[in-house]
Amino acid sequence: MMQFLIAAPSSGSGKTTVACAVLAALKKRGADPCAFKSGPDYIDPMFHRAVLGVESHNLDLFFSAPDTVRALYAQGAAGHGAAVCEGAMGFYDGLGGVTDTASAWHLADTLGLPVLLVVPAKGASLTLAAQINGLKTFRTPSRIVGVLLNDCTSALYKMLKPMLERETGLPVLGHLPRLPEASIESRHLGLKTAGEIAGLQQKIALLADALVLDWVQFQALTDRPAPQAQPAARAPARTRIAVAQDEAFCFAYAETLEALTAAGAELVPFSPLHDAALPPELGGLYLPGGYPELYAGPLSGNRSMRASVRQAVDHGLPTVAECGGFLYLGQALEDADGAVWPMAGVLPGSGFPVGRLVRFGYTELTARADSLLFRAGESFPAHEFHHWDSTANGTALTAAKANGRSWACGFANEHLYAGFPHLYWAGTPLPRRFVEAAVLNHQKEQTP
């Protein structure tokens, strides 16, 4: 089974473009690939899903213990003919930016994956060899088995390949030329989501057709025994949990949703943008992150949905709202043009743009008291990634970074968690706690 991680010297090197090209080419070759993303990124897996038509999973060694990551990888890879993991940031960039913990290298080393190093070919030649050698020797083992040159013409590839192989001892396995007609647009949180890009399938097909790769050599370098997955335990559905899923709310980890299902939830997708009200017969409500600031006007204009959510949460429906979902539960939300729009009105704060990343990165959440998800004194890893802030961020938990910075955040009580931090639920007691609360709530609602 072909198994490998795609890494690069830095962000902006074209990892996602190359990953999509490789995935599409593997699919075209009948390899039945699956995909993974190193780190907490929500957007890149959307592109993997757009290529494959199957789920892509996040693997993160800050969120999860190594054994949990290995189990999630084995479960996701089961039954597939190839497994492609896309790295994050620079190859060794990990926790706090000053360690290799939770880096792409850390993940490759934990899973024993060979690494395809994507190197932009523009603007350097022999210096590329020095850069590659530095990455190759910085940690032992580096896991790097080959190089792919990105944004590279055929003529430049023919010139660079023999020199780089001579200077680094690594095979240069192929290249991807620059294709302006297949470019993928970005915004403040990175790439635009897959559903927003016109002609995405055609762009990916162009990338796959343009990819030059020595498949025979590449397969020999990346072939590994398929990981052995344990049968996934799954409880029968005992309650219905509504999950916001539309253009405005699209940042939910596949592993979180799968963990909720395994704990006994029937997940019911709905759209705060397009539906008139919450689905019926609910035990719980999950509002994940996304881009509510881009859809503040339409979200506000859907008054019946706002009223439905406000009534349900005020009535005690067990509810989790992360980042964008948290902003939706506030009093109002200012969009990028300065217009202020009423939101659900459950929480006291109002969202506003800051113009930069706020409290960005990994953090550790510690609960100050018992609540729906947390027990007093417990700590859970989390992640923040947003350019909007709130006039009231809550004080139910303490967030702390590895550099010692800490702050109060979040609203939490017996039926609510709402805050900017994104939680990663797989391998934690959170799914079971949420489902149990939802079951009890539904039973209470059914009691005459």
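**Helix and strand packing in a predicted model**

Student: Which residues of α5 and α6 meet in this predicted model?

Tutor: The model is a predicted one. From α5, the contact draws on Leu126, Leu128, Ala129, Ile132, Asn133 and Lys136. Their counterparts in α6 are Leu160, Met163, Leu164, Glu167 and Thr168.

Student: How do the residues of the contact of α5 with α6 divide into nonpolar, polar and charged?

Tutor: Leu126 in α5 and Leu160 in α6 are among the residues that meet, and leucine counts as nonpolar. Over the contact of α5 with α6, the division is seven nonpolar, two polar and two charged.

Student: Are α5 and α6 parallel, perpendicular or oblique to each other?

Tutor: Helix α5 spans residues 126–137 and helix α6 residues 154–168; their axes are 9 Å apart and the packing angle is about 40°. Angles under 35 degrees would count as roughly parallel, and 65 to 115 as roughly perpendicular. The two helices, α5 and α6, are therefore oblique.

Student: Which strands does α5 lie across?

Tutor: Strand β5 (residues 115–120) pairs with strand β6 (residues 144–150) in the parallel sense, over six bridges. Helix α5 runs at about 150° to β5. The strands that α5 lies across are β5 and β6.

Student: Which are the edge strands of the open sheet of eight strands?

Tutor: The order in this sheet is β3-β2-β4-β1-β5-β6-β7-β10, with mixed pairing. An edge strand here pairs on one side only. The edge strands are β3 (56–59) and β10 (212–213).

How values were computed: Residues numbered from 1 in each chain as written. Predicted model: local features only at pLDDT ≥ 70, side-chain atom pairs only at ≥ 80, totals over all residues. Heavy atoms only, no water. Axes fitted to C-alpha atoms, helices over the stretch in contact; angles between N-to-C directions. Helix = DSSP H or I, 4+ residues; strand = E, 2+ residues; numbered from the N terminus. Parallel < 35°, antiparallel > 145°, perpendicular 65-115°, else oblique. Contact = heavy atoms within 4.5 Å. Pairing = 2+ DSSP bridges.
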